[in-house]
Amino acid sequence: MSFIPLRAAMAMFVLASAACADFDLEKQKLCKQYPERCDELDDTSGALNVTLGYSGFMRGCVTVTATDADNAGNTRSLDVAIPGKTPGTVSVTVYRKKNWGRMLSVTAQLREFDCSGPLVGDPQKTRAQVPEEGTLDVPFTVRANDADGDGYFSSADAEGVVSGTDCMDGNIAVHPNAEEVCNGQDDNCTLGESDAIDKLTWYTDTDGDGYGSTRVEACVQPAGTVATGGDCNDSDALVRPNRDEFRCDGKDDNCNDMTDEVFDVDGPCTDELKCAGKNACASTPSQTTCVRLPSENPVAWFVDSDGDGFKGQDAGLGCESPVDGGVPQSQDCDESSVYVGNGLPELCDRLDNNCSGGVDEGCTLPDWVTDAGVLGPTDRLNSIALYDQGQRGWIAGPNKLAHLDSASPGIKEFTDGSCRKTWNAAWVAQDGRVFVVGEDGWLSTKRLVEASEACFTPQVLTDKNNTDFNGVFGIDDAALGATVFAVASNGKIYRWAPPYINPSDLVEIAQVPANLRAIGGLKSADSLLAVGNANADLKAQAYRVNSTGTTWAAEPLGASDTAFMRAVHVLNGHYAYAAGDNGRVFEWADGAGWHALPQLPIPNGATAVPDILDVLSFSNNAIYAVTTANTIAFFNGSAWSTEHTAAQSLRSLDGPRPTRFAAAGDGSTIVNFTAPAPTPP
């Protein structure tokens with residue numbers, strides 16, 4: 001069976017009306033139009049008249065296919081456009097080719113929109129034999145719904161109706177060939193709105209900081225997305241655009257394509273030792289550290305802490321001095337003493353004055369000079385106070401007060417009743433005025449230049465029987481006169497100020513819960529330090545005054561046994577010493593507090609450690625103590641030694657320098673240490 005094409009179609013189909021009958025005429029027309037193919041037609045005029053009934057749509061196409069039942073390779077198809085009316089019928093005449101069999105398989109399948117549209121629905125099939133003459137009707141009926149007339153059939157499933165591709169047949173704007181836009185509907189009936197041409201851009205926000213990273217396009221914002229992108233680390237909520245760089249970590253924390261820009265990494269800096277370096281990120285994320293340059297080498301610096309003009313106190317390491325005035329070489333091997341410094345002359349005073357590493361090289365220590373019975377062989381001296389570089393002084397004891405003067409040998413004793421009380425302690429100003437304190441609340445003051453032999457001697461009347469004064473210390477003022485402070489066994493502390501004669505000049509300023517035995521200080525009220533033992537546990541204790549001199553704070557010394565502290569000496573603003581029973585000595589070091597020094601050893605022939613009655617220091621390597629063993633002991637910074645043994649108990653020590661000091665005690669004995677002045681070069 002062969003087909004003669006109609007017009008341009010190469011198939012043996014001829015469109016015909018429903019009344020088409022003159023097949024010979026049609027055949028003649030075909031042969032006339034395509035003479036070169038005329039011999040392919042059967043010499044008979046039989047044909048199949050395929051009729052296509054349709055309803056429910058106005059635009060579309062039906063593809064009719066005829067296939068030789070005996071040879072499937074013999075097949076031809078023809079697209080038949082729907083003429084644009086509904087319902088209706090179109091028909092096509094199928095002619096047989098000479099080399100085809102007469103039994104044909106005929107199918108009809110609907111296309112949407114036009115003859116280039118997609119096939120929809122299942123093809124309808126039938127078998128028919130081409131008659132030798134005339135025509136045989138082969139009817140087909142196709143139904144599809146196109147309610148909106150857009151040429152695309154409804155995809156709704158209905159029995160007997162071809163299902164098309166229009167997912168919304170009531171909306172002419174919705175069909176497979178429509179342009180998908182974001183409007184809440186599937187305009188082209190595929191993939192929803194995912195293929196819309198106007199989708200918005202969103203960004204996944206994994207860390208929830210309001211800034212996203214991975215780009216996502218969608219009509220509606222997807223869960224877990226935000227409208228702003230640019231997050232360069234979406235796993236860290238602290239890292240995001242539009243914030244300050246907050247960590248020095250070698251990373252971009254604000255997503256501006258810069259790293260640690262606010263931290264000046266590699267910029268110049270000075271480290272804690274004042275050495276030049278470069279900024280680098282520190283272990284603390286929000287900070288930088290200064291990394292020292294390899295060429296920078298810190299050294300030790302030294303300052304003057306003892307006030308002798310020589311700098312030997314370690315102020316720390318640095319490429320520059322950590323404090324004002326530091327020098328890179330030590331000038332002083334003992335910053336506790338004004339009597340030691342590089343270049344000073346060596347003296348015979350048990351100190352390394354010139355920092356040579358030796359003590360008293362080139363000299364012989366002088367002998368101790370003892371003056372016994374200066375006021376009488378049975379009298380007791382409780383205190384000695386020197387002034388005028390140790391050339392003059394005062395001594396005091398029970399019913400005894402006398403002045404010493406090395407320039408005019410001899411002793412002047414004041415025997416007026418006002419001067420004769422049981423004096424326990426004395427202190428002298430540099431103008432020679434002496435202040436003595438004693439039992440039963442008595443205090444007294446005297447100047448040598450006064451014509452009267454009497455002393456000015458007031459008494460603390462309140463609870464006088466329990467106010468036994470044990471210690472006194474004064475702060476000199478060349479213009480106004482000295483202000484003195486006295487401590488008593490009932491814990492009371494008094495201040496006595498010029499002119500000393502008015503009741504308001506002598507006032508109680510504090511009371512502490514202790515038995516106070518001594519007081520010392522420097523040149524200001526806030527340097528005062530009182531010692532004794534606490535009433536609560538009878539252990540050694542010190543009391544330090546505040547800057548106004550009105551509040552005294554307790555400072556336990558750390559003694560493990562009960563013991564009186566009977567003496568105190570404030571060396572300077574960095575060192576002080578308290579001493580007393582059982583050979584105990586405690587050192588206060590600025591910044592380190594109190595700690596015990598080695599205890600006095602038991603002297604040869606003795607059975608117990610002696611008590612210390614007074615202490616005097618010129619260095620933390622030169623501390624003297626008088627003991628109940630009748631000795632003057634010396635501490636050289638590591639161990640105690642006995643430097644002198646007296647025939648009587650010594651009770652008091654005083655002196656202005658390590659080459660001139662003296663002790664006084666029982667039998668009105670005075671023991672003097674006086675070293676010669678250095679020989680001029």
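A residue counts as buried when its relative accessible area is under 20%, as exposed when that area is over 50%, and as partly exposed in between. By this criterion, strand 25 (residues 469-475) is mostly covered, since 7 of its 7 residues are buried. The structure described here is a predicted model.

**Strand pairing**

Strand 25 is joined to strand 26 (residues 483-488) by 6 bridges, and the two run antiparallel. Within this pair, glycine 474 stands opposite valine 484 of strand 26. Strands of a sheet pair through backbone hydrogen bonds, in either a parallel or an antiparallel arrangement.

Antiparallel pairing is also found in an open sheet made of 3 strands, in the order 22-23-24. Its edge strands are strand 22 (423-428) and strand 24 (443-446), each of which pairs on one side only. Neighbouring strands of this sheet are turned by 20° against each other on average, direction ignored. Strand 22 and strand 23 (residues 434-438) run antiparallel and are joined by 5 bridges. Alanine 426 has valine 436 of strand 23 opposite it.

A further open sheet contains 4 strands in the order 33-34-35-36, and its pairing is antiparallel. Here strand 33 (565-570) and strand 36 (593-596) form the edges, each pairing on one side only. From one strand to the next, the twist averages 20°. Strand 33 pairs with strand 34 (residues 575-580) in the antiparallel sense over 5 bridges. Methionine 565 stands opposite glycine 580, a residue of strand 34.

**Disulfides**

The model holds 10 disulfides. Three of them are set out below.

| Disulfide | S to S distance |
|---|---|
| Cysteine 182 and cysteine 219 | 1.9 Å |
| Cysteine 232 and cysteine 255 | 2.2 Å |
| Cysteine 348 and cysteine 363 | 2.0 Å |

In the disulfide of cysteine 182 and cysteine 219, the sulfur atoms are 1.9 Å apart. Cysteine 182 lies in the loop between strand 8 (135-143) and strand 9 (200-204), while cysteine 219 lies in the loop between strand 10 (215-218) and strand 11 (225-226), so the pair ties together parts that are 37 residues apart in sequence. The torsion about the S-S bond of cysteine 182 and cysteine 219 is about -70°, and the disulfide is therefore left-handed. Cysteine 182 has a relative accessibility of 27% and counts as partly exposed, whereas cysteine 219, at 16%, counts as buried.

Cysteine 232 is joined to cysteine 255 by a disulfide with an S to S distance of 2.2 Å. Both cysteine 232 and cysteine 255 are placed in the loop between strand 11 and strand 12 (268-270), and the pair links parts of the chain 23 residues apart. This disulfide, between cysteine 232 and cysteine 255, is left-handed because the torsion about its S-S bond is about -80°. Cysteine 232 is partly exposed at 43% relative accessibility, and cysteine 255 is buried at 17%.

For cysteine 348 and cysteine 363, the sulfur atoms of the disulfide are 2.0 Å apart. Cysteine 348 and cysteine 363 each lie in the loop between strand 16 (313-318) and strand 17 (369-371), so the pair ties together parts that are 15 residues apart in sequence. Cysteine 348 counts as buried because its relative accessibility is 6%. Cysteine 363 has a relative accessible area of 26% and is partly exposed.

**The second largest pocket**

The second largest pocket holds about 300 Å³ of space. Its lining comprises 17 residues, of which Asp371, Leu404, Ser406, Arg660 and Asn672 lie nearest the centre of the pocket. By class, this lining has 6 nonpolar, 7 polar and 4 charged residues. At least two residues of the lining come from each of strand 19 (392-397), strand 20 (400-405) and strand 43 (669-674). Strand 43 gives the most to the lining of this pocket, with 3 residues.

Notes
Residues are numbered from 1 along each chain as its sequence is written. This is a predicted model: local features need pLDDT of at least 70, side-chain atom pairs count only at pLDDT 80 or more; totals for chains, interfaces and linings use all residues. Side-chain values use heavy atoms; hydrogens and water are left out. Two strands pair if DSSP finds at least two bridges between them. Axes are lines fitted to C-alpha atoms, for helices over the stretch in contact, and angles run from 0 to 180 degrees between N-to-C directions. On a 1 Å grid over the protein atoms alone, a cavity is a set of points where a 1.4 Å probe fits but cannot get out, and a pocket is an open set with protein on both sides within 12 Å along at least five of seven lines; lining residues have an atom within 4 Å of a point. Grid points are joined across faces, edges and corners, and a volume is the space filled by probe spheres set on the points. Ala, Val, Leu, Ile, Met, Phe, Trp, Tyr, Cys and Pro count as nonpolar, Asp, Glu, Lys and Arg as charged, and the others, Gly among them, as polar. A disulfide is a pair of cysteine sulfur atoms within 2.5 Å. Buried means under 20% relative accessible area, exposed over 50%, partly exposed in between (1.4 Å probe, protein chains only).
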